[in-house]
Amino acid sequence: MYAVPMASGDLLRIGELSRRTGVKPDLLRAWERRYGLLEPQRTSGGFRLYPHRDVGRVEAMQGHLARGLSAAEAARLAKQSEPAPVASSITALVDDFRSALDAYDEPAAQALLDRMLASFTLETVLGEGVLPYLHELGERWGRGEASIAQEHFASSVIRGRLLGLARGWGSGSGPLAVLACPPGEEHDLGLLALGVLLRARGWRVAYLGPDTPMETLADAAQRMGTDFVVLSALSEARLEAVEDEIVSLAQNTRVALGGAGATSSLADRTGAELLSGSPVEEAERLAGAPR
Amino acid sequence: MYAVPMASGDLLRIGELSRRTGVKPDLLRAWERRYGLLEPQRTSGGFRLYPHRDVGRVEAMQGHLARGLSAAEAARLAKQSEPAPVASSITALVDDFRSALDAYDEPAAQALLDRMLASFTLETVLGEGVLPYLHELGERWGRGEASIAQEHFASSVIRGRLLGLARGWGSGSGPLAVLACPPGEEHDLGLLALGVLLRARGWRVAYLGPDTPMETLADAAQRMGTDFVVLSALSEARLEAVEDEIVSLAQNTRVALGGAGATSSLADRTGAELLSGSPVEEAERLAGAPR
Amino acid sequence: MYAVPMASGDLLRIGELSRRTGVKPDLLRAWERRYGLLEPQRTSGGFRLYPHRDVGRVEAMQGHLARGLSAAEAARLAKQSEPAPVASSITALVDDFRSALDAYDEPAAQALLDRMLASFTLETVLGEGVLPYLHELGERWGRGEASIAQEHFASSVIRGRLLGLARGWGSGSGPLAVLACPPGEEHDLGLLALGVLLRARGWRVAYLGPDTPMETLADAAQRMGTDFVVLSALSEARLEAVEDEIVSLAQNTRVALGGAGATSSLADRTGAELLSGSPVEEAERLAGAPR
DNA sequence: ATAGGTTTTGTCAAGCTTTTGTACAT
DNA sequence: ATGTACAAAAGCTTGACAAAACCTAT
C-alpha cells in the first residue's frame, strides 16, 4: 500500500496543510473521504502525510468552489488539472517573432504566430505577445530605431491574422459592439484586438476601423440597433476634436473611449465610459467574465 | 459554411411582426383575411407564426400603399414580388454580397465570399466580384448614396479576406514584389488584390500598405533585395508629391505605378512602368501568364 | 452541433448556471420542461448537471427573446444554432474536426476547416490537423475501430477541400512539379497535400493523381518540360513493381519518392531522391524555405 | 375598435431529497 | 483518526396562477 519509497522530502501533516491552505482538517478529511481529492501517505502510526504538491491541489479545489462549482465537480477538476503544460515561454516566442518581422520574414512570423496560438490562450498571445510587441515597435520608431516600413510590414501581418481570427464575428446572438477610430486616427490594431477578444467572449462585433466620421458612426450604430460603441484613438486630440459628437452619441447609446488618447476627463465631459486598461483587461471587464 | 441559406429561420408572432413593421396587429390580420397577403403557420394553440421573410412583404405592401395604390392592388404586388431564390452566376452572388454588406451583415457576406471562392477562380472573384463592388461603392459614396460607415465596414470584411488569402505570401522562391501606397494615400485594397493575384502566380510579396514614406520604402526594398516595387494611389497628387523620390528609386529598381492616380505622363517623367489595367490584368501581364 | 463527444469539461449545477446567465433556476427548469432547451445530466441523487456549453445556449435564448421572439421560437433557434464561434486553439479545432468527421457531419467539418484556414497557416492546418487525423484514421481502421465508410467519407471531404485549395496551381512561373501515384496505388491525399504546400511556396504543380501508368507519367513529364517528378505510394510493393521505369525516368529528370512505401534502399537502387518526412517538412525542404 | 375567451410564459409555493460543511463521540 | 450525525443550503417535482399576448366575432 504505502509502497513507493518516496524519495522526496517535503511531506506535510494535516495540520500544516490546513494552515497553508486555510481549510480545516476536518474538511480536508471529508474531501478525501467523499471525493478522493487527496491520497496522502500514512505514518506507521496512521498520520496523514501530504506531498507538497497537494497544497496546489487544495487551492485549485478552493478556486473551483469559489467559482460556484459543486464540491464534487470542483474535486474532479482539481484532481485532473495537475500539469500546466508549460510550452516554451511566450517571451521566447515573441523574441523570435520580433526578429522575424524585423527581417521582413513573413512566413517565419506566421509560423511563430501559429505556435503562440497553439500553446497559449488568445488572451496571453495578444496581451503578452502581440500587443506589447506593437507597443515596443512604436517606441523604437519614436527613437529612430525602427523604420516605418518595418512598422507597416508588421502591422499588415498582424492585421491579417487578427482579421482571420475575426471571421464571422458578426454572427450569433451576443451583445453587439460597434468599433471605430475617430476621424484622422489610423492606428486601429488595439481596437481590432479588443474586437477579437470580445468575440472570444461571445459578443458580436461590427468593425468600422480607422478614420471613421462621427455622423456615419452614429447612423451605423442606430441601424444596427447596437448596444455599445467603442471609439479608440492613440491621440487625445483626435477624440477631443469630436467631443460634441461623442456627447450626443452617448445620449442614445452606451459609448466607451479607449486607446492612449482616452482620458478620464474627456470621458467625464462626454458622458462616455473610459477603457483605461489593455484590450485584454477591458474585454474581460466588459464581458463581465469571471474567468 | 455558416452555411446554409437558412432554410427556415425565425418565426415571428404577430406582435413582433407588428413591432418590426409598424403595422398594427389588427391591420395585419385584416390584410390576411381580406387579401391573403400573408399565410402564417399556426401554433397548436392557434397563434400565428410568420416567417421572417414576411417582414419584407409587409414593407412592400406599405410602400405600395404610400405610392397611392389601393390596398387590394398593393397586396397583389407585394405577394408576387418575391425575390429570385437561387443565385449561381457571379453577378447574382455579388448582388447578394452587396446587399449583405449594405445591411452590415458580416456573416452573410463571409458566406457569400465562401461560395464565390468555391465556385469561381480567384481572378474571377476579384476581377468580376470584389473589385467592381468596391469601385461601385466608391461611386455610390461620391453620390451620397452610401455612407462612409458602409464603406469602412465592407473594406474591413474584404481586407480580412484578402489578407487571409495572402497568408504566407512571403515564402518560396519566386520574384519578390514590394507593395506600398505613397504618403497620404489610404486606399490599398486594389494593391492588396494585386498582391494576392501575384502570389497566386508564384511571386513573393512584401506588403507595406497605405501611407508609406518613400525613404523607408527605398530602404526596405534594398534590404529585401527586391526585384520590383509597386506604388499605388487613387489620387494623382499623392504620387506627384513624391515624384523625385520615384525617379531616384527607379534608378536602382524596377518600379511600377498603379491605381487611378497613376498616369502615363507621370510614368514617363519618372522612368517607372505604368500599370494601367485592373489588378487582374496587370498581375497576369506581370507574371507573364500564358493564360 | 459540433459538440458531441466531450467527455469531460466542467459541469454546473442549476444554481451556478443561473448565476452565470442571470436566469432564475425556476425558469431554467421551465425552459427545459416546456421546450427541451437543455438536457442536463443528472447526479445519482437527481441534481441537474449542465455542461459548460449550455451557458452559451441559455445566452442565445436570452438574445432571441430580447429580439422579440416568442419563447418557443427562441428556444428552437437556441437549440439549433452553433455555439458561438469563439477563436480557439488549433488543437481544440482539430478535436472538433475529428469529431465532426467521425459523426459524418460534413457541414460541420467544412465549417471547421474554414475556421482553421482562417486562423492558421496552411502548414499548421495540414501538418497538425488534417494529416495527423488521416494517419490516425488509417491506424484505427487497421485495428478494426473505424469502418471503411468512415475513411471514405473523411477522404472525400478532405480531398474536395485540398482540390479547392489547388485551383489554378498550374499557373505562374515557379518550378514545375509533376505529382503522381504509381499503378495500383489509390492513396493520394498525402501527395495532394504536398502539392498544395508546394503551390503555397510558389511552385507550379501538375497533378496526375492515383494509379497513374508510368508511360503516361514519363510522357507528361517530358511534354511539360518538368523540373521534378514526385511518385508517392503507401505500399512499397507498388513502387517496386515499377522500379525499372523509375530508373529510366530518373535518368532524364529529377525524381523523388514519397509516402510510407518509399524506402531508402529503393531510392538508392533507382537513383531517385527520398522524401522521408511529412509533406509539410518535405515541401519546406524542397522549396528551400527561408525559415 | 371593443368585448370576451384562450394560449403562452414567467413566477411562486409546498413538501420532500440531496449535498456538503461542521461537530462530536469513540 | 475514524465514523456518524446533523443542519443549512441547494435542488427536485408537481401544481397552480396571473399577466401578457393572442384569438375570433361583433
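**View 1. The area buried between chain A and chain B.** Roughly speaking, chain A and chain B bury about 2800 Å² between them, with 61% of that coming from carbon and sulfur atoms (buried area being the accessible area, 1.4 Å probe, that two parts lose on being put together, summed over both). A:Y104, A:H152 and A:R167 supply 21% of what chain A buries against chain B, more than any other three residues. This is a predicted model, so local features need pLDDT of at least 70 and side-chain atom pairs pLDDT 80 or more, while totals for chains, interfaces and linings use all residues. Residues are numbered from 1 along each chain as its sequence is written, and chains are lettered from A in the order written.

**View 2. Who touches whom.** The contact (heavy atoms within 4.5 Å) takes 35 residues from chain A and 36 residues from chain B. Look for salt bridges (a Lys or Arg side-chain nitrogen within 4 Å of an Asp or Glu carboxyl oxygen) between the chains and you get 0.

**View 3. The largest cavity.** This one holds about 110 Å³ of space (a cavity is a set of points on a 1 Å grid over the protein atoms alone where a 1.4 Å probe fits but cannot get out; lining residues have an atom within 4 Å of a point; points join across faces, edges and corners, and volume is the space filled by probe spheres set on them). Of its 14 lining residues, A:W169, B:E106, B:Q110, B:S156 and B:V157 are the closest to the centre.

Conventions. Side-chain values use heavy atoms; hydrogens and water are left out. On a 1 Å grid over the protein atoms alone, a cavity is a set of points where a 1.4 Å probe fits but cannot get out, and a pocket is an open set with protein on both sides within 12 Å along at least five of seven lines; lining residues have an atom within 4 Å of a point.
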